[in-house]
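Here is a friendly walk through one protein model. Have the viewer open and follow along from heading to heading.

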Amino acid sequence: FFQTAMLNLARRDCGAQARSVLSVDIDELGAGPADESIFAAAERHRLGLVTLPGIWAFPPPETSGPVPQRSHVWQAVPAQSCHPKWCVVPGGPMGRVGWNVHSAGGALQPILSSSKTFELLHCRATSTGWKPGRFAPPDAIREDPAIAGMLESVFAGAGSSPGP
């Protein structure tokens with residue numbers, strides 16, 4: 001309940017002054033076209049909310065411990081979806097509804113605001129390993145060039161090369 005409580009304190013206090021707010025964790029990345037902002041999309045949406053459907057991304061199969069996001073260029077076959085995340089305009093219609101880790105618009109959120117432009121990449125092994133089995137890859141896994149390209153562009157100039 002702590003994370004939800006903190007999100008709602010932010011909604012009421014410092015977040016209330018923001019044009020828009022993106023809710024993602026350290027092991028998650030929002031992805032979309034280079035020429036468009038998830039924040040601008042939320043600000044244009046009639047409800048002031050965009051939901052990012054997500055997929056799990058994995059590091060190379062031999063990985064046994066935590067690795068950075070840039071190592072997560074593998075995908076399960078078929079892709080495994082994860083819980084969505086959201087970007088909301090605090091002063092908009094849905095910004096006044098209670099914020100939760102995976103929702104900011106109640107039960108109708110996925111129907112009313114799911115994006116076809118933006119998605120969430122949830123990096124499976126960017127973790128301390130607190131959850132058992134967190135680093136175990138799925139049985140069928142393949143390197144995904146689209147994810148690799150996206151991560152390469154995100155981390156370009158970050159001072160390190162892709163990989164663990």
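Leaving out residues up to four places away in sequence, R11 touches A16, G95, R96, V97, G98 and W99, where contact means heavy atoms within 4.5 Å. R11 sits in helix α1, residues 2-12; helices (H or I, at least four residues) and strands (E, at least two) are DSSP runs, numbered from the N terminus. The relative accessible area of R11 is 24%, so this residue is partly exposed. The scale used here calls a residue buried under 20% relative accessible area, exposed over 50%, and partly exposed in between, with a 1.4 Å probe and protein chains only.

With a relative accessibility of 18%, N8 counts as buried. Its contacts, apart from neighbours within four places in sequence, are G98 and W99. N8 and V97 are 89 residues apart along the chain, yet their C-alpha atoms are separated by 9.3 Å.

## About the model

This is a predicted model, in which local features need pLDDT of at least 70 and side-chain atom pairs count only at pLDDT 80 or more, while totals for chains, interfaces and linings use all residues. Residues are numbered from 1 along each chain as its sequence is written, and side-chain values use heavy atoms, with hydrogens and water left out.

## Nonpolar cores

The largest nonpolar core has 24 residues, and I38, L121 and L151 have the most contacts inside it. A nonpolar core here is a set of buried Ala, Val, Leu, Ile, Met, Phe, Trp, Tyr and Cys residues joined through side-chain atoms within 4.5 Å. At least two residues of this core come from each of β2 (28-31), α2 (38-44), β3 (49-57), β4 (74-76), β5 (81-88), β6 (119-123) and α4 (145-155). The largest share, 5 residues, is supplied by β3.

What does L151 touch, not counting residues up to four places away in sequence? The list is L29, Q69, R70, H72, V73 and L121. There is also a second, separate core of 10 residues, which includes V21, L47, W86 and V101.

## A buried lysine

K85 is found in strand β5. Its relative accessibility is 0%, so K85 counts as buried. Setting aside residues up to four places away in sequence, K85 touches S23, V24, D25, E28, V50, T51, L52, V101, H102 and L120. K85 and P68 are 17 residues apart in sequence, and 20 Å separates them in space, C-alpha to C-alpha.

## The largest pocket

The largest pocket holds about 280 Å³ of space. On a 1 Å grid over the protein atoms alone, a pocket is an open set of points where a 1.4 Å probe fits, with protein on both sides within 12 Å along at least five of seven lines; lining residues have an atom within 4 Å of a point. Grid points are joined across faces, edges and corners, and the volume is the space filled by probe spheres set on the points.

Its lining has 17 residues, with D25, D27, H122, W130 and R134 nearest the centre. By type, the lining divides into 5 nonpolar, 6 polar and 6 charged residues. Ala, Val, Leu, Ile, Met, Phe, Trp, Tyr, Cys and Pro count as nonpolar, Asp, Glu, Lys and Arg as charged, and the others, Gly among them, as polar.

## Cysteines

How many disulfides does the structure hold? The number is 0, taking a disulfide as a pair of cysteine sulfur atoms within 2.5 Å. For C14, the nearest cysteine sulfur is that of C87, 15 Å away. C14 is exposed, with a relative accessible area of 60%.

C82, by contrast, counts as buried at 12% relative accessibility. The closest cysteine sulfur to that of C82 belongs to C123 and is 9.7 Å away, too far for a bond.

## Two loops

The peptide bond from V77 to P78 is cis, with omega near -5°. P78 is placed in the loop between β4 and β5.

K131 is in the loop between β6 and β7 (141-143). With a relative accessible area of 43%, K131 is partly exposed. K131 and G149 are 18 residues apart in sequence and 29 Å apart in space, C-alpha to C-alpha.
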